[in-house]
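Please keep the sequence and the coordinates at hand while reading.

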Amino acid sequence: MRTSTTDTARLVEGLRDQTAGFARAVADGDPDGRVPTCPQWPLRTLVGHVGQELRWAAELVCTGEQLPVPDPWQAGPGTPDGWDRWLREGAEELIRAIGETGADTGIRTFLGPRPAAFLLRRMLSDTCVHHYDAALATGTAFAIADDLAADVIGENLELLSAPAFAAARPALAELRGRGERIGFRPDTAPGSAPGWVITRTPEAPRWERGPVEADVVVTGAVADLMLVVARRVPPDDDRVTVTGDRALLDHWLAHTAL
């Protein structure tokens, strides 16, 4: 698996920023209100999941051992007036664990041995997406820097193309193909930001950064492309434009739930 070009300091900064944004988004929300993009969860369960998984990742980093994935319904975020502190403490617990263990120290993960920073990046990606979930549920603003949104896209594609991840999720075999290409193109000035191109090979999906030439192309702001990749914004949303083989894109999105 390729490594992120985002350094550890930026991942730490991003986790703090997105955790704080998530906390602001849920601050005045109804704990029993439903989350449209996680329809089985009330808001309190979304909060519990985010705080719980940060602590789970911190424990994994500290012990170096793979641990069972926690059940979000069993999380205990406490009362809403304490959510902000509880969420931020979870982020700091993971950041402290990474600092004490060392970002490059090998640990066991669900993909096999990986540097500890792998989990920092995984938790940042999940927190970014759930920040959007919370903002949508509570009608608050969502914001993410382009570099963080781009890293979430890359992290998502790395998981989907990792053999160990595919082995654990046989349904991902549906993502194989015969060379079909799916592109995500930032709508920035030409040449200023590379896009992402996924190639569906008979063995597994492959991806790369660079100029986007594909059978179907999604164009939009980097943050909006992230939300399409994360299956939070549908391709027919006004924030993005789709050209080419829409059925190919729809099939990909239908089989890429993480």
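The points below treat the aromatic side chains and then the packing of helices.

The structure is a predicted model. It contains three aromatic pairs, and Phe-110, Phe-118 and Phe-165 make up one aromatic cluster. Among the helix contacts, helix 2 runs roughly parallel to helix 3, whereas helix 4 and helix 5 are roughly perpendicular to each other.

**Aromatic side chains**

- The ring centres of Tyr-132 and Phe-142 are 5.4 Å apart, and the ring planes stand at 85 degrees. Planes over 60 degrees apart count as edge-to-face, so this pair is edge-to-face.
- Tyr-132 belongs to helix 4 (residues 117-138), while Phe-142 lies in the loop between helix 4 and helix 5 (146-161). The pair therefore ties together parts that are ten residues apart in sequence.
- Tyr-132 has a relative accessibility of 8% and counts as buried, the cut-off being under 20%. Phe-142, with a relative accessible area of 22%, is partly exposed.
- A charge also meets an aromatic ring: the charged end of Arg-209 sits over the ring of Trp-196, 4.0 Å from the centre of that ring.

**Helix 2 and helix 3**

- Helix 2 spans residues 43-63 and helix 3 spans residues 83-101. Their axes come within 8 Å and cross at roughly 20 degrees.
- Because angles under 35 degrees count as roughly parallel, helix 2 is described as roughly parallel to helix 3.
- The two helices, helix 2 and helix 3, cross in a left-handed sense.
- In the contact of helix 2 with helix 3, 15 residues are nonpolar, five are polar and four are charged.

**Contacts of helix 5**

- Helix 5 packs against helix 4 at an angle of about 115 degrees, and the axes of these helices are 10 Å apart. Helix 4 and helix 5 are therefore roughly perpendicular, and their crossing is left-handed.
- Helix 5 also meets helix 7 (residues 222-229): the two axes come within 8 Å and cross at roughly 25 degrees. This angle makes helix 5 roughly parallel to helix 7.
- The crossing in which helix 5 passes helix 7 is left-handed.

Notes
Residues numbered from 1 in each chain as written. Predicted model: local features only at pLDDT ≥ 70, side-chain atom pairs only at ≥ 80, totals over all residues. Heavy atoms only, no water. Phe/Tyr/Trp six-rings, centres within 6.5 Å; stacked < 30°, edge-to-face > 60°. Helix = DSSP H or I, 4+ residues; strand = E, 2+ residues; numbered from the N terminus. Buried < 20%, exposed > 50% of the residue type's maximum accessible area, 1.4 Å probe, protein only. Lys NZ or Arg CZ within 6 Å of the ring centre and 35° of its normal. Axes fitted to C-alpha atoms, helices over the stretch in contact; angles between N-to-C directions. Parallel < 35°, antiparallel > 145°, perpendicular 65-115°, else oblique. Left-handed = near helix turned anticlockwise from the far one by under 90°. Nonpolar A, V, L, I, M, F, W, Y, C, P; charged D, E, K, R; others polar.
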